[in-house]
Amino acid sequence: MSIHDRAKSFCSSLLESITTPKSKNGPIVTLTYAQSLDSRISGRNGQQLALSCEESFIMTHRLRILHDGILVGIGTILNDNPRLTARLLGPDELESTISQPRPIILDSQLRFPLSSNVLKQSKMNGYKSPLIVTSYDHDSAKRKLLEQEGAVVVPIESNKNGQLSIAHLLSILSSPPFSICRLMVEGGAKVIKSFLKSNMVDLLIVTIAPTFVGVNGILAIDSNSTENQEPHHRFLYYKTPKQKNDDIIVPTQNVENSNINKRLPNNQIDSIQNNSSVNVDKSKPSINVTTSIIPKGCSPFVTMIIKWKTHGVPKNEKLEVRLNWFPSSRANSGPALWPGFPKIVLNRKKSIPTEIYMGKNQSLTFYVTIRSVHKISNQTVFNYVPIFAVKNPSFAC
Ligand SMILES: NC(=O)C1=CN([C@@H]2O[C@H](COP(=O)(O)OP(=O)(O)OC[C@H]3O[C@@H](n4cnc5c(N)ncnc54)[C@H](OP(=O)(O)O)[C@@H]3O)[C@@H](O)[C@H]2O)C=CC1
Ligand SMILES: Nc1nc(O)c(N)c(N[C@@H]2O[C@H](COP(=O)(O)O)[C@@H](O)[C@H]2O)n1
């Protein structure tokens, strides 16, 4: 397999499970950047660094093709003057013939230079015009100039800190005329911070280069960036990190915003043992237990006991276990669940027995979700438990 084919299959596998519409209003958001071992994305005074090795760059360019738009902050435009196109492609793919993503720039004061590469190449190569997202309070003369040069300028709401609102941005991007379904956010530091704080990131793909930049470099994430995140909770490894020559690519997924929140990631399943009627689908990020227990005697109820162990859950957090199920006859009809599934709140108990009504000869598919529950200033916050194992579910009737 060539280096390009490897990048193709790796990137497709990263995005393939993120296809279902989400409750949030906006495109699927992939945040991706390259950092050093000491978490720096650039050097002293923002000096641009080639942190990625060749294979990682090829992966980044492949990811670009798989997105409709690539977003950076104006800081990155002024500092790096990037092109934001997919160029490191296979021998049978021409940069000019593939559908290049639209460059999107967050720039509340319209500092965007007319000489920037993204503007030049849209004029020269006919690529999609850069979309400059600005505040309502922008310089209208500069806007006119930019529009004359072919840029599209769209004013949006600002938040109380004076930064452009990420929620408003995403709703505009997903609507016509832009209709962006997949957005790739590349940085820089302030943009990474805003997106993480907004909790609108679905996929976070970090390339880690085996180098130290030192204290003068710009940090990818400072502690403020993650104030809405519970470290080790919100993002879960959902694909095995890949070594690309020198670098490691770490793909993680936001469990809150994706359909994985109804399922358990594969790597959190230690083992499930049961009698032959239990089928565990380990190829999917879920515990998918199907059984065809036929109730015996007069009792139509089945007792299911799930046992698990947890690692790294703070002692004061309660664990809430939900068990959802639906009859296998509806297994292909989507995630519709029977109403009234039991919600069992327990405090670090190690098993849940639950009774489920079953029709004769019926088989059921179970989905188990375990999340921790804690309160932050009167708000209940749920975090999906990062590492645990479901062991020995047993069925008895
Ligand atoms: N290693 C890597 O993968 C990458 C590294 N980089 C590096 O990052 C550095 C640039 O980062 P940085 O200086 O932080 O600049 P950014 O690219 O993050 O741009 C930040 C600017 O964007 C504007 N902006 C508008 N709305 C928002 C919002 N909601 N959130 C955040 N910013 C907003 C602001 O300017 P205004 O107020 O004028 O609107 C803000 O100052 C460069 O050194 C570059 O090399 C960049 C990308 C990837
Ligand atoms: N993936 C990745 N690895 C690095 O080492 C990087 N420095 C970056 N930087 C990002 O890529 C932009 C440059 O893009 P073009 O090559 O000009 O298309 C740069 O501005 C950063 O956003 N990325």
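Colleague: In which loop is leucine 84 found?

Modeller: Leucine 84 is in the loop between α3 (74-80) and β4 (102-106). This is a predicted model, where local features need pLDDT of at least 70, side-chain atom pairs count only at pLDDT 80 or more, and totals for chains, interfaces and linings use all residues. Residues are numbered from 1 along each chain as its sequence is written, chains are lettered from A and ligands numbered from 1 in the order in which they are written, and side-chain values use heavy atoms, with hydrogens and water left out.

Colleague: Why is leucine 84 called buried?

Modeller: Buried means under 20% relative accessible area (exposed is over 50%, partly exposed in between; 1.4 Å probe, protein chains only). Leucine 84 has 2% relative accessibility, so it counts as buried. Its phi is positive, about 60°, although it is not a glycine.

Colleague: Why does leucine 110 count as buried?

Modeller: Its relative accessibility is 4%, so leucine 110 counts as buried. Leucine 110 sits in the loop between β4 and α4 (117-125). It is not a glycine, yet its phi is positive at about 50°.

Colleague: What is omega for the cis peptide bond from proline 176 to proline 177?

Modeller: Omega is near 5° there. Proline 177 lies in the loop between α6 (166-174) and β7 (182-187).

Colleague: And what is omega for the cis bond from glycine 187 to glycine 188?

Modeller: Near -5°. Glycine 188 belongs to the loop between β7 and α7 (189-198).

Definitions and conventions: Helix = DSSP H or I, 4+ residues; strand = E, 2+ residues; numbered from the N terminus.
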